[in-house]
Amino acid sequence: MMATSALARLSPFNITSLALGLAFLYLPIVILVIYSFNASRLVTVWGGWSVRWYVEFFNDGAMLSALAMSLRVAAVSATAATVFGTLAAVALTRAGAFHGRTLFSGMLYAPLVMPEVITGLSLLLLFVAVDAQRGFWTVTIAHTTLTMCFVAVVVQSRLGSLDRSLEEAAMDLGCDPFRAFVKVTLPLILPSVVAGWMLAFTLSMDDVVIASFTTGPGSTTLPIRIYSEVRLGVKPEINAICTLIVGSIAVIIVAASLASKLSSRQGESAAPL
Amino acid sequence: MSGRRLFSVPARRAALAPFLWMLLFFLLPFGFVLKISLSHAVIAQPPYLPVFDPAGGVAAFKAAIAALSLDNFRLLASDHFYALSYLRSVVVALVSTSILLAVGYPIAYGMSRLPARSQPVAMILVIVPFWTSFLIRVYAWINILQHDGILNKVLVALHLVSAPLVWLSTDAAMYVGIVYSYLPFMILPLYATLAKIDPALLEASADLGGSRLTTFWLVTAPLSLPGIGAGALLCFIPIVGEFVIPDLLAGSASPMIGQTLWLEFFTNRDWPVASALAVVLLVLLLAPLLVYERVQRRRLEGAQ
C-alpha cells in the first residue's frame with residue numbers, strides 16, 4: 001500500500017512539467033487576446049484598452065465576405081462529413097470482414113496525416129481534369145474529404161467502446177437493424193457525432209493550404225485572407241479577428257462538453273484522435 | 001449473436017457512400033498527380049490541362065501513354081535545390097519530432113499521475129488548443145517573436161540580453177512554431193498508453209527494490225513504446241510536408257519541400273514539376289504512412 005501511494009503521488013517534477021506545459025500551450029493565445037484590445041496602432045506599444053480593432057473588422061467588407069464564405073463552406077462540409085464519417089465508422093466497427101476493408105480503412109486514416117500540399121494539389125488536378133468551376137463547391141468537397149476522416153475516427157472510438165448487447169437486444173426483440181441503429185445506437189453515440197461535426201467545422205474554418213489549391217477567383221476563405229495579411233506582418237485588426245475566432249471556439253467547446261456531460265452518463269470525453 | 005450477424009450486412013452497405021467518396025476524391029486524384037507529373041508544362045499559357053476525355057478509345061489512350069515523359073523526375077534528380085529541399089524537410093521533421101517527444105513525454109507522464117478525477121480536465125486542457133485555429137497559433141508566435149515583441153522586451157528588461165535579438169525568420173522560430181502546433185498530437189497518444197499502465201507493475205518494481213528512476217526506465221518507458229511510436233508518426237509525417245509554419249516563421253534561405261512545391265505551383269505555375277515533387281514526397285512517406293495506418297487500425301479496431 002505504501003509503495004502504491006508513494007508511486008502514485010505527483011512528484012514536484014510532474015507538477016512542474018504539467019504547469020510549464022500548460023503555460024506553453026496557453027500563454028501565446030492569452031497574449032494575443034490581450035493585445036487585440038490595444039488602442040495603439042503599433043502592435044507592440046501598449047496604448048490602453050480599446051475595441052477599435054473590432055470596430056475596424058466589422059467595417060472591413062472584404063474580411064466579412066471571406067468570413068461568410070468560410071462559414072458556408074464549414075457548415076456544408078461539416079454536415080456532409082458527419083454523415084459520411086459516421087457511416088464509415090459504423091462500417092468499420094460493425095460490418096466484420098468485407099472486401100476492400102483494408103483499402104477502406106487506409107483511405108480513411110491516411111488523410112489524417114497526409115501533408116496538406118499533396119491533398120490540395122491532387123484534388124485541384126482532379127477538378128481541373130473534369131473542368132469543374134472552382135469556388136465554393138470545390139472547397140466544400142475538399143474539406144468534406146479531409147474532415148470526414150476525423151469524424152470517422154472520433155465516432156469509431158465511441159462505437160468501439162459501446163456495449164453491443166444493447167443493439168443486439170433491440171434486434172432480438174424484433175427491431176430490424178436500421179431501427180435498432182436509429183433507436184438504440186445513434187442516441188448513445190450522439191455526443192461523439194456532435195463532437196465530430198464540430199471538429200469538422202473548426203478544421204474547415206482553419207484550413208489555408210487545401211483551400212488555397214481548390215478555390216477559384218472571387219471565393220476567398222477567411223484563413224486565406226488572414227494568411228495573406230499575416231505574411232505582410234502583424235496587424236492589430238488580425239489580433240481582433242483571431243480573438244473572435246478563439247472566443248467562439250471556446251464557447252463551442254464549453255457548450256459541447258456540457259452537452260456531452262448531460263447526455264452521456266459514462267462521461268466519455270469527446271477526444272479527437 | 002443473432003443480432004450481430006443481422007447487423008453486419010446493413011453495416012457493410014453503410015460503407016458504400018463513404019467508400020465511393022474516398023475513391024473519387026482521395027485515391028483517384030493521385031492518378032491525376034501521377035499523370036501530370038509525367039507531362040510537359042505548356043510554355044506561355046496558363047497551366048491548362050486537357051479535359052479528361054474517355055471517348056478517345058484505345059488509340060487515344062496509347063497516344064497519351066506515348067506522350068508521357070520522365071523529364072520532370074530527371075529535373076528533380078539533377079537540380080540539387082530539390083534534393084536539399086527534401087533533405088531539409090526530413091531533418092526538420094526528425095529534429096521536431098525529437099523535441100516534441102522530449103517536451104511532450106513529461107507532460108503526458110504528469111497527466112497520467114494526476115488523480116483519476118482531474119485527468120479528464122487535463123486532457124480537455126491539452127485538446128482545446130488543438131481546436132483553436134492552427135493559423136492563429138502560428139500567428140500568436142509572430143506577435144511574441146517579432147523584433148519589438150514581448151519576448152525581446154522581457155529579455156531586455158531582465159538584462160539577459162543587451163539588445164533585442166532576431167527571432168523571426170530563423171530556424172529557432174520555426175521549431176518553436178512546429179512544437180507548439182503539434183504538441184497535442186504527441187501528448188494524447190503518449191497519455192493514452194501511460195494511463196493504461198497497471199499500477200501493480202510499478203508497485204511490484206518498488207517492492208523488488210527498484211528506485212523511482214529504475215522503475216521508470218525498466219517498466220514505464222518500455223510499456224509506453226506504442227504511444228511513443230504513434231505520437232512520433234502522427235507528428236513526423238505531416239511535418240515533412242509542412243508549409244504554413246516554415247513559410248511564416250523560418251527564413252527563406254532553404255525552403256522545406258512543402259514550400260518548394262507551393263513555389264513551383266503558385267509562383268512558377270509549373271504544374272508538372274509540382275506534381276513530380278508531390279509524387280516523390282508521397283513515395284518518401286509511403287513507409288511511415290503504412291506503419292501509421294497499421295498502428296491506427298490496431299488501436300481503433302483491436303478493442304472490439
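At the start of helix α10 (residues 199-207) of chain B, a side-chain oxygen of B:Asp198 lies within 3.0 Å of the backbone nitrogen of B:Ala200. Just after α10(B), B:Gly209 has a positive phi of about 95°. Helices here are DSSP runs of H or I with at least four residues, strands are E runs of at least two, and both are numbered from the N terminus.

This is a predicted model, in which local features need pLDDT of at least 70, side-chain atom pairs count only at pLDDT 80 or more, and totals for chains, interfaces and linings use all residues. Residues are numbered from 1 along each chain as its sequence is written, chains are lettered from A and ligands numbered from 1 in the order in which they are written, and side-chain values use heavy atoms, without hydrogens and water.

**The chains**

The table sets out each chain.

The C-alpha atoms of chain A fill a box of roughly 70 × 70 × 30 Å along the principal axes. A contact means heavy atoms within 4.5 Å. Take the contacts in chain A with a separation of 6 or more: 70% join residues 24 or more positions apart. For chain B, that share is 75%.

**The interface**

Chain B brings 105 residues to the contact, and chain A brings 108 residues. Together they bury about 9,900 Å², 77% of it on carbon and sulfur atoms. Buried area is the accessible area (1.4 Å probe) that two parts lose on being put together, summed over both.

How many salt bridges link chain B and chain A? The count is one. The side chains of A:Arg231 and B:Asp247 form a salt bridge, at 3.1 Å from N to O. The rule asks for a side-chain nitrogen of Lys or Arg within 4 Å of a carboxyl oxygen of Asp or Glu.

On the side of chain B that touches chain A, helix α2 (residues 16-37) of chain B gives the largest share, 16 residues.

How values were computed: A polar contact is a pair of N or O atoms within 3.5 Å; within protein, one must be able to donate a hydrogen and the other to accept it, and residues adjacent in sequence count only if both atoms are side-chain atoms.
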